[in-house]
Amino acid sequence: MTTPASADRRYRIPTVVGALAVRVIGDGPPAVLWHSLFVDSRSWQRMVPELATRRRLVLVEGPGHGASGDPGRPYTNEECTEAAVAVLDDLDLREPVDWVGNAWGGHLGTILAATHPERCRSLVALGTPVAGLTTAERARTHLLLGLHRLIGARGPVVQGATNVLLSGHTRSHDPEAVALVGECLRRAEPHMLRNAVASVSLHRTDQTPYLRRIEQPTMLVTGAEHHGYLPEQARAAAGLLRRGRVEVVPDAAYLIPLEAPAQAAALVLDFWAALERDAGATPPD
């Protein structure tokens with residue numbers, strides 16, 4: 001099913017973390033899609049045709065990415081979550097949403113589900129590590145930011161980000177995915193991108209306390225080549241949830257929506273279908 005062009009609407013919405021570019025596609029119950037750091041909402045483009053057959057998709061570009069601005073200061077994931085609520089309010093979407101987040105977006109969905117349960121019906125977190133950065137990851141991120149400050153989104157900066165975000169299989173077999181990562185890096189305003197990485201990656205805290213508070217159905221998905229979020233780590237995280245499940249996608253790392261869109265879309269649609277079956281079930285007498 002193809003979403004009509006008339007159902008594709010674009011907005012620029014002021015929030016506490018800057019004016020955010022938002023795209024709404026399709027009709028029906030709302031689902032929010034928030035992307036990973038380093039890429040923008042185009043990283044969802046391979047999944048959109050399938051997901052838009054079942055939901056009204058709200059694609060948010062996070063601060064410092066794509067066409068969005070930023071607040072001109074450091075900010076937190078909690079503030080980004082409040083910005084997401086502001087986006088929903090601006091769009092007059094008051095009913096609970098199905099949240100689908102990739103990495104950064106999964107962190108925000110986790111916070112939303114825990115702190116604003118009335119706004120979140122379900123959560124899908126794709127490639128979203130629970131712990132903060134390790135010492136090695138922190139050092140690598142500092143190095144990447146330093147290089148980006150010196151030379152911009154070129155050469156070793158793009159290569160370094162690509163090597164982390166995409167699996168070896170994707171880098172070898174999917175030149176379009178590789179090219180998109182580079183395009184997203186070059187499109188972002190340099191200072192705002194570095195501010196985003198420093199704000200929500202380097203200063204990211206462990207999300208275990210939030211996970212323990214989540215009551216909503218939750219699906220945690222990781223890539224088999226996501227070295228920062230191994231399958232056993234995802235399973236341990238799911239053990240903290242009251243209604244959690246885990247899926248592992250082969251030949252993928254961080255950017256599961258870009259690397260394995262067909263499998264990711266199938267998992268999300270199956271998850272949503274299960275929610276609808278549960279909602280329609282008649283309680284026993």
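Axes here are lines fitted to C-alpha atoms, for helices over the stretch in contact, and angles run from 0 to 180 degrees between N-to-C directions. On that basis, the axes of helix H2 (residues 77-90) and helix H3 (residues 104-115) come within 9 Å and cross at roughly 75°. H2 is therefore roughly perpendicular to H3 (65 to 115 degrees). The model is predicted, so that local features need pLDDT of at least 70 and side-chain atom pairs count only at pLDDT 80 or more, while totals for chains, interfaces and linings use all residues. Residues are numbered from 1 along each chain as its sequence is written, and side-chain values use heavy atoms, with hydrogens and water left out.

**Contact of H2 with H3**

- Helices (H or I, at least four residues) and strands (E, at least two) are DSSP runs, numbered from the N terminus.
- Asn77, Glu78, Cys80, Thr81 and Val85 of H2 are in contact with Trp104, His107, Leu108, Ile111 and Leu112 of H3 (heavy atoms within 4.5 Å).
- Six of the residues in the contact of H2 with H3 are nonpolar, three are polar and one is charged.
- Nonpolar covers Ala, Val, Leu, Ile, Met, Phe, Trp, Tyr, Cys and Pro; charged covers Asp, Glu, Lys and Arg; the others, Gly among them, are polar.

**Residues with positive phi**

- Asp92, in the loop between H2 and strand E5 (97-102), has a positive phi of about 60° although it is not a glycine.
- Asp92 is exposed, with a relative accessible area of 54% (exposed is over 50%, buried under 20% and partly exposed in between, with a 1.4 Å probe and protein chains only).
- Asp251 also has a positive phi of about 60° without being a glycine; Asp251 lies in the loop between strand E8 (244-249) and helix H11 (256-259).
- Asp251 is partly exposed, at a relative accessible area of 37%.

**Largest pocket**

- A pocket is an open set of points on a 1 Å grid over the protein atoms alone, where a 1.4 Å probe fits, with protein on both sides within 12 Å along at least five of seven lines; lining residues have an atom within 4 Å of a point.
- The largest pocket has a volume of about 560 Å³ (the space filled by probe spheres set on the points).
- Its lining has 33 residues, of which Phe38, Arg140, Val164, Leu165 and Tyr254 lie nearest the centre.
- H4 gives the largest share of this lining, six residues.

**Second largest pocket**

- The second largest pocket holds about 230 Å³ of space.
- Of its 13 lining residues, Arg10, Arg23, Ser41, Glu61 and Arg187 lie nearest the centre.

Technical notes:
Parallel < 35°, antiparallel > 145°, perpendicular 65-115°, else oblique.
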